[in-house]
Each structure stands twice: as structure tokens, then as C-alpha cells.
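This report looks at a pocket and at the packing of helices. The structure comes first, and the account follows.

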Amino acid sequence: DFFHNCLTMTGYGAVGKEYFTHRDISPETIDEFKLGYAPDAWDKLSTAFQKRGVKQEFLLATGLAAERSSGSGLYDRFRNRVIIPISDERGRVVGFGGRVLDDSTPKYLNTPETILFNKRKILFGLDRSHRAIQQAGYAIVVEGYMDAISVFGAGVKNVVASLGTAFTVDHCQKLLRYASDIYFCYDSDEAGQKATIRALSIVRDTGAIVKVIVVPDGKDPDEYIRKHGAEAFQQLVKQALPLVEYRLQYVLKHVNYDTLEGKVKALHEMLPVLAGVREVAVRSEYCKKLAQTLLLDEGIVRDEFSRYARTPLPEEGTARA
């Protein structure tokens, strides 16, 4: 309430409002997510809360304040940042994220780990999106809360964000309570591509069905929606790729497979993804497709996979016990 009121009801919040307007975040979305602003002052929150009887140890334990290195007293952890409240599945605020309004660092600052706030178990937005996830039959996972807020504001409500950490088994299990399918929509830069592949290794033993929403132009979902609009993003969702297809397209774009060395490199980059395909028949078909695409003998692809996985693929016409 303190941060939200600073944004919406005081002069301090003018720069925060300007920032959200620039990001095309509507007043309705600001109210929906209770977005706020931390004033550009050393101890505005700490002083106000202590005057209301909130003990210093609570402000320190929640990560809202820190002790001054010289002298006594506290200073506010969040200053001159727009503030995003982070809630658990039941809608109880357990932490905060703050984004700078200029080029200073760190760009994003989250509440430190507390007894209430464990990033490996919290998915931003799940308290608002779980019904939409159930109805749609799938969850969309984005990298950051600004992406989630933009996607939600664009009318795609079945979205959550991991909080500056890799997607975890805990995250996956939470989503599987509501739907069997998970669509990853990470940034389309190199770091986002790697994060997408890492996520596969997390989900492949959980039974989740994974697809990838490819955002063109090197954009993140937030940038794409601002540039092209909500409807264009909704079309990207409809065109989501099965993970193996996504990885194959990515490898073929980034590896010159005209040479034998290139073919081997492309093959080896595909092996971890093939290992994540649990259905033997589906994996066998992908081996065929990979062999055809790379102009390699199918037996070579199977041998390489068997060496990688130490689980031989069945020969055509045979069943696996």
C-alpha cells in the first residue's frame, strides 16, 4: 500500500507514472498488480513504518530496509524505483521487485531470500493466472515480471514469470497442478535461448508437454507487444513449436552444416534435446528427420544418440520392453 499510494496518490510518483506510460502499462494494469513507486529518498519507508510502530528487526528481516554501515539507523533498500509486489499462490505479498528508471545498476532489485520469499518456489503472477491456465490447458512462462505484466495486459492471462532464476522443478510442479502443457517464451537473445534449453532438462522427467513461443526481431515479449500489439503476440502463441522443432530450427540457423564437421556439431547439439523426448516412437521419428535434414545416414544418428544416452534406440519394427 505504501508503494502503490506513493505512485498513485502523491507527487513523488509522477516519474513512476511517466515510466509506466512509456511502457504502455495502463492505469487498470497498475491497479490490477498494485504497482508502486519507491521515493527517491534514503529512509522514507523506514521512517514512516517505525513511526507506525513497525519494529526495526521486522523491516530488516523482510528485506525492506538495511542497516547503515556508519552510525545507527536504517536506509530503504528500494529507492527511486518502480515497485512490483510479488505474491504467493494465495495472493499474499511475500516480496518486491524494483526496476530503476534510468541506466543505473542493478537494473532489477528483488527482495532477498527470506522465510516468506524463496525465488525457487515462487512464480510471479500465479495467484492471478491459475484459473486461466486451467481453462487454456497450458501455462506461458516468461523470464521477468515486466514481461508477465505486459502479456497479461495484452489479454493473455495464463502467464507467469520466474524471478531472475532458472526454472525449477518446484516451479514445474506448481504449474502441473493446473495444466499438463508449459509454453516457454523467453527472450530471443542467446541467453534466452540457453535458458529455454536448460528448462527442458528440468521438465523432461515430470511428464510436462513443452512448447516454445518464438519471439522474432531479437525481442522479449514486452518489447514485441509494445511494437506489434496484443493480437500479434496472440498469433505467436498459436504458432508455438514443440521443443525439438524449436531446437532444430535454432541449430540449423547457427551451425554451418555444409561440412562434415558442421553436421557432427549440429548432431551433437541436438542430442540433449532428443534425450528429453520420452516417447520412443516420437524420438525415432525425430532421429529420421534429423538424419534427412543433415544428409547423414540414419544409422549414424542412432549410434551417436545411443552413445550419448546409453539407451539404444529400437530398430525399426521392434518394440521396447
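## The largest pocket

Helix 9 gives the largest share of the lining of the largest pocket, five residues, where helices (H or I, at least four residues) and strands (E, at least two) are DSSP runs numbered from the N terminus. At least two lining residues each are supplied by strand 6 (108-110), helix 7 (145-153), helix 9 (190-203) and helix 10 (221-228). The largest pocket holds about 600 Å³ of space; a pocket is an open set of points on a 1 Å grid over the protein atoms alone, where a 1.4 Å probe fits, with protein on both sides within 12 Å along at least five of seven lines, and lining residues have an atom within 4 Å of a point.

Of the 28 residues that line the largest pocket, Tyr 108, Glu 143, Gly 144, Asp 147 and Asp 187 are the closest to its centre. The lining divides into eleven nonpolar, five polar and twelve charged residues, with Ala, Val, Leu, Ile, Met, Phe, Trp, Tyr, Cys and Pro counted as nonpolar, Asp, Glu, Lys and Arg as charged, and the others, Gly among them, as polar.

## Basis of the model

The model is predicted, and local features need pLDDT of at least 70, side-chain atom pairs count only at pLDDT 80 or more, and totals for chains, interfaces and linings use all residues. Residues are numbered from 1 along each chain as its sequence is written, and side-chain values use heavy atoms, with hydrogens and water left out.

In their contact (heavy atoms within 4.5 Å), Leu 243, Val 244, Arg 247, Leu 248 and Val 251 of helix 12 meet Ala 266, Glu 269, Met 270, Val 273 and Leu 274 of helix 13. By class, this contact of helix 12 with helix 13 has eight nonpolar, no polar and two charged residues.

Helix 13 also packs with helix 14 at about 165°, the axes being 11 Å apart. The contact joins Lys 263, Ala 266, Leu 267, Met 270 and Leu 274 of helix 13 to Arg 283, Tyr 286, Cys 287, Leu 290 and Leu 294 of helix 14.

## Helices 14 and 15

Helix 14 (residues 280-294) and helix 15 (residues 298-309) pack at an angle of about 125°, with their axes 8 Å apart.

Technical notes: Axes are lines fitted to C-alpha atoms, for helices over the stretch in contact, and angles run from 0 to 180 degrees between N-to-C directions. Grid points are joined across faces, edges and corners, and a volume is the space filled by probe spheres set on the points.
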